Each structure stands twice: as C-alpha cells, then as structure tokens.
Amino acid sequence: MIYVLIILFVALIITFCYYENNKIDLTEYNLTSENINKSVKIVQLSDIHSKPSKSILKKVTEIKPDVIMYTGDFINEKARRKEEMIKYATKLCEICPVYYITGNHERRLDEFEELMKRLSDAGFNVLLNELVTADINGNKISILGLDENQADHKDYKARKNGTFVYKDMSPYLKLLDKAEGYKIVLSHFPENFEQVKENNYSQYDFDLQLSGHAHGGQFILPFIGPVFSPGQGLFPKYARGTFGTRPKLIISRGIGNSEFPLRLFNHPEINIITLNKPQ
C-alpha cells in the first residue's frame, strides 16, 4: 500500500510541475494614444529559450495579431534545438510581421552573427540598436530595438563585485525622441526602465517599453511575489506586470526556462496589447 501511495504522490508532483511549466496565461492590456488611428493588436512573446511550443503557436494564431514583438532569448546559450527554432521563426512570421531583439542568451553564442542572419532570412525583423518606422494596420509606429548585451557571465560577476557599469543607450533613445507616430522600445532588461540611475529609459519621450528576461521571478510565492531574477537578485521589482504611464513598461513573464527547469505559480505568458485611439 505504501508503494502505491508513493507512486501516486510522485505522479501528482510530475503532473503539477508539467502544468506549471506548460499552462499558458493570456494577459491583456488596453492602451490609448492620440497617435493611433485604427486599433492595433500586438502580441508580445519573450524568453522561449529553445522551446518550440506548438501550443504557443496555436494560441498566437488564434489571437490574430497585427504584429508580434519578440523581446529576447529565442534560442538559449547552448544553441539547443537551433534548427527547430529557425523553422519556428518561419512559422511565427507566417502569422504576421515579427520584430525581434536579442537577449543575453543569443549574445553568448559564438555563432551570433550567423544566427542573426538566419533569423532575418526566416522573416524576423532583427533590430540591433536600430530604429524603424512601420505602417501597422494604417498606423505609423516607430520601433527601437535595443541590443544591450549586458548579461554575460562576466557581467554577473561584476554586479556581485559592485563594479558593473550599464551601457549608455541614450544615443538611440534620443533618436526615438525625434521619431514620428506611436513609439515603442524593445528592451530585454526591464530594470533599465527606471533602475539605472543616470541612463534610465523612462526619462525619454516614447509611449511603451516591452521587456522580458526576469521570467516572472521564476517562482511567484503567495503574499511574497516574484522570488529571483538575474541582474535584480532576490524579490525583483521588475519581474511582471506594468510600471509607469507614459512611457509605460510592460514585462513578459516569458515562455520557456533557461538553466532552472521549473516555474512555480508562474505560468508561461503571452501578452496581448491592444492600442486604440481615445474615445
């Protein structure tokens, strides 16, 4: 009898862990702006980490977005399932245009330049510190994609030693200040919105920043919240949800996992952001 109970308990734990890692949450945001003429539906995806999920692809197809904004860590640092992920990129681009930035994991790959070319050939609009203005559903939308490259292993050591220096991205953000239409910043690192003292992004003139990286804190504990994020440490502030008004930061909890294989009370997330003209 005791063996049966142990087997049932182990099966329950495995089922629970699978559910926590694979149940997809859809989080909806409705924003308004005078720079929007016709409704735009954005899907934000982030931190897939070499997990070519058919469920995510199906959900995104059903949502019917006008555009996908992808905020880093598409392929993990070991280039796991690289060929599958290139095909997955092609499938995402069959749904709608995809604007993509790198995360820390792509930046750790020796074949970084080759990967960027292959993702571009697959259809991704790869933005490496680039500003583009696109017509999306009849709206002029300026998109700045930042390639911050600030989370190599040596950067984590520098943070531990108190010697880490954030890169100055102000030249690119000042260009966005002068851009037309609705203005979006794609940044892998949500803490850069307000936490960087001199060069925080929130001081510039744009509408929306989309970020990922924090994985929702990996575990979200009741009454405590997100537990840990690389770069922010224990109980990170910028791990999920929104901050600010204009500019506004929206953080994705991401989809896959990197080194740590389990999420807890923190399901994979697709953000659905609808932009409308004020009534």
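**Entry: a cysteine in a loop.** I began with the contacts of Cys-96 (heavy atoms within 4.5 Å). Leaving aside neighbours within four places in sequence, I found Cys-96 touching Pro-65, Asp-66, Val-67 and Ile-68. Cys-96 sits in the loop between H3 and E4. Helices (H or I, at least four residues) and strands (E, at least two) are DSSP runs, numbered from the N terminus. Is Cys-96 buried or exposed? Its relative accessible area is 7%, so Cys-96 is buried. Buried means under 20% relative accessible area, exposed over 50%, and partly exposed in between, with a 1.4 Å probe and protein chains only. I also looked up Thr-61: its C-alpha atom is 9.1 Å from that of Cys-96, though 35 residues separate them along the chain.

**A note on the ground rules.** I am reading a predicted model, where local features need pLDDT of at least 70, side-chain atom pairs count only at pLDDT 80 or more, and totals for chains, interfaces and linings use all residues. Residues are numbered from 1 along each chain as its sequence is written, and side-chain values use heavy atoms, with hydrogens and water left out.

**Entry: the cores.** Next I looked for nonpolar cores, meaning sets of buried Ala, Val, Leu, Ile, Met, Phe, Trp, Tyr and Cys residues joined through side-chain atoms within 4.5 Å. The largest has 32 residues, and Leu-45, Phe-74, Leu-92, Leu-119, Phe-124 and Ile-270 have the most contacts inside it. Among the elements that each supply at least two residues of this core, I noted strand E2 (40-45), helix H3 (82-95), helix H5 (112-122) and E16. A second, separate core has 22 residues, including Ala-134, Ile-143, Leu-208 and Ile-273.

**Entry: the rings.** How many aromatic pairs does a search of the whole structure find? The search gives 9. Rings of Phe, Tyr and Trp (its six-membered ring) pair if their centres lie within 6.5 Å; planes under 30 degrees apart count as stacked, over 60 as edge-to-face and the rest as tilted. I picked out Tyr-70 and Phe-74, an edge-to-face pair at 5.3 Å centre to centre with 90° between the planes. Tyr-70 counts as buried at 1% relative accessibility, and Phe-74 does at 0%. Ring pairs join Tyr-70, Phe-74, Tyr-88, Tyr-100 and Phe-124 into a cluster.

**Entry: the sheet.** I then traced an open sheet of 6 strands, in the order E1-E16-E2-E3-E4-E5 with mixed pairing. Two strands pair if DSSP finds at least two bridges between them. Strands E1 (25-32) and E5 (125-126) are the edges, each pairing on one side only. E1 runs parallel to E16 (residues 269-276) over 8 bridges. Glu-28 stands opposite Ile-272 in E16, and Thr-32 has Asn-276 as its bridge partner there.
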